[in-house]
Amino acid sequence: MSAIADSPPVVVLAQAGKGYWASVWSRLIKDKVAMTALAVILVIVLAAIFAPYIAPADPFKGSMLRRLKPIGFPGYPLGGDELGRDMLTRLIYGGRLSIFMGVLPVLCAFVVGSSIGIFAGYVGGWINTLLMRIIDVFFAFPSVLLAIALSGALGAGILNSIVSLTIVFVPQIARVAEAVTTQIRTRDYVEAARVSGAGAFTIVRMHVLGNVLGPIFVFSTSLISVSMILAAGLSFLGLGVKPPEAEWGLMLNTLRTAIYSQPLVAALPGLMIFMVSISFNLFSDGLRSAMEVKQ
Amino acid sequence: MNGAGPIVDVKQLTVDFATGGGASVRAVAGVDLTLKPGETLALLGESGSGKSVTLRALMRLHPKSARFGGSVNVDGRDILAMPAGDLARYRGKIVSMIFQDPGLALDPVYRVGDQIAEAVMRHEGISRAEARKRALGLFERVRIPSPDRRLDNYPHEMSGGMRQRAMIALALACRPKVLLADEPTTALDATVQIQVLLLLRELQRELGLAVIFVTHDIGVAVEVADRIAVMYGGRIVETGPCADVIRNAAHPYTLGLLASRTGHGAAKGSRLVTIPGSPPDLTNLPPGCSFSPRCPRAIEACRQIVPPLVVTGPGHAAACIRVDAASVALSA
């Protein structure tokens, strides 16, 4: 007893708080799955960006004599496609369009959808009901069908598929944004801000955005993989990228005929889509759990 | 303090909430309140008695469905008629508020110091560095240890008591004249509660604040208040100087509250005294005194008219037509 009393008082110094994102990152970095996924994404994205420097051949130069070569054929590390073009080169180049079409529609939808959702959620009342019921109409269609219908109506092409994919994702993001905003709006700290004289704009900018963007961001990263698969699907159906561009979905389509002669080569673009989209999914899962430990 | 007029003057305040289908609930039914600078008033009452609604009316913090009647004057301004822009300048600067649960009232994604600095910058247009200096001063004032480092804390890195201190610092950031406290100690540990109460009392004296303290805990009210106003069913049923209300309670409801306290003197195993019945349903109040269905002294006349406040002593009034009978019968 006296030993305890005599021991010098332990001085616990208050830790200066680590930034929120810094603490999220420190948790994320311990998550092996998320980190592996991030590494896969980074490698493929970097390869796509620097494609001209690392691809072994010209993605458009074919050879009628060397069509549909198997994996490991001299000069064709991953085989050749139906026009005798080097598969490895085209897979590297294909990442450019495929990832672009995975990320850009989600980014556009993130901006548009969260604006609509936050506005609807913060304003509330009949405006909220009106906007959300309109949004609900889009949910009546399966997203694949909606993307195909919109692309079909707008016409084939990269820009049009990006537009149609954006339209597909806007309602989904808007709904999450609205749900989170409605929840945040009634929190005491929003009222506390109002009590200290903050106007609606300040409250939205500081307290709503600060608390809403995180969850929407996580949700959006999980949409990237969906967007990639949908974009590939559109290209596969001839509604997206046009030949001879290299794009994984389109490559899957053109190699479809070779499924019996060179099944492994024909499956490669699909494998790429699978790897990248699952990596995005796993990474967004990791991000979610790293961000959840907030309070 | 000096002979100045009241800083808060509420007259015949009524607050109705639309409940859908054209119906409405009268949460506050004609409340009169005055508060002089430097005075502390405790609004005492159970859930649904209208104490928080009254408090919020001083800030006009109600949803659009709320309808106000009567007048609310704070610092010579009519709050109920104030345009939105003035209202934003008034909130925080003249009147400010502390919430029940500091864990919910501080934004989890911002450093506490930044939240205080933000409020100061909003009202006074000073630089961030200046505002931070002010926040540091406030943290010292509310006795947060190592205040410089604590300013950079996120709310979840603080303990409950410290968060409430930070919340008090935030409320005092723009040197308000009136501080509203909505059960500020309810969410805290008993040991922390008394510290926060003492701190509030001290700050109130130092800064000459007028404080309205909403609580359902008579012990807390006695600790902090100069005057007590007891609310029941949306009305003030008894008001007077703190000690006087406790010693010479006149309204049967106040007497019931006092009798149902868990005192140290109560014998172990003895049953707690309670007020029979349950809190009134605001959608369906009895026509006369709303306490009459639960009142041991109620007579037929109680069910006919709403009793007016009757003066029972200096500054002490109770809304009961049987004031004498009640105090004699129940305090005996």
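**Aromatic rings and the chain interface**

Phe291(B) counts as buried, because its relative accessibility is 2% and the cut-off for buried is under 20%. The model in which this residue is found is a predicted one. Phe291(B) belongs to one aromatic cluster together with Tyr232(B) and Tyr253(B).

**Aromatic cluster in chain B**

- Over all chains, the count of aromatic pairs comes to 3.
- The ring centres of Tyr232(B) and Tyr253(B) are 4.6 Å apart and the planes stand at 55 degrees, so this pair is tilted.
- Tyr232(B) is part of strand 9 and Tyr253(B) is part of helix 11 of chain B, so the pair ties together parts that are 21 residues apart in sequence.
- Tyr232(B) and Tyr253(B) are both buried, and the relative accessible area of Tyr253(B) is 0%.
- Tyr253(B) also forms an edge-to-face pair with Phe291(B), at 5.3 Å centre to centre and 65 degrees between the planes.
- This second pair links helix 11, which holds Tyr253(B), to the loop between helix 11 and strand 11 of chain B, which holds Phe291(B); the two residues are 38 residues apart.

**Interface of chain A and chain B**

- In chain A, 26 residues are in contact with 33 residues of chain B.
- The two chains bury about 2500 Å² between them, with 57% of it on carbon and sulfur atoms.
- The interface has 2 salt bridges, one of which joins the side chains of Glu191(A) and Arg56(B) at 2.7 Å, N to O.
- There are also 9 residue pairs in polar contact across the interface.

How values were computed: Residues are numbered from 1 along each chain as its sequence is written. Chains are lettered from A and ligands numbered from 1 in the order in which they are written. This is a predicted model: local features need pLDDT of at least 70, side-chain atom pairs count only at pLDDT 80 or more; totals for chains, interfaces and linings use all residues. Side-chain values use heavy atoms; hydrogens and water are left out. Contact means heavy atoms within 4.5 Å. Buried area is the accessible area (1.4 Å probe) that two parts lose on being put together, summed over both. A salt bridge is a side-chain nitrogen of Lys or Arg within 4 Å of a carboxyl oxygen of Asp or Glu. A polar contact is a pair of N or O atoms within 3.5 Å; within protein, one must be able to donate a hydrogen and the other to accept it, and residues adjacent in sequence count only if both atoms are side-chain atoms. Rings of Phe, Tyr and Trp (its six-membered ring) pair if their centres lie within 6.5 Å; planes under 30 degrees apart count as stacked, over 60 as edge-to-face and the rest as tilted. Helices (H or I, at least four residues) and strands (E, at least two) are DSSP runs, numbered from the N terminus. Buried means under 20% relative accessible area, exposed over 50%, partly exposed in between (1.4 Å probe, protein chains only).
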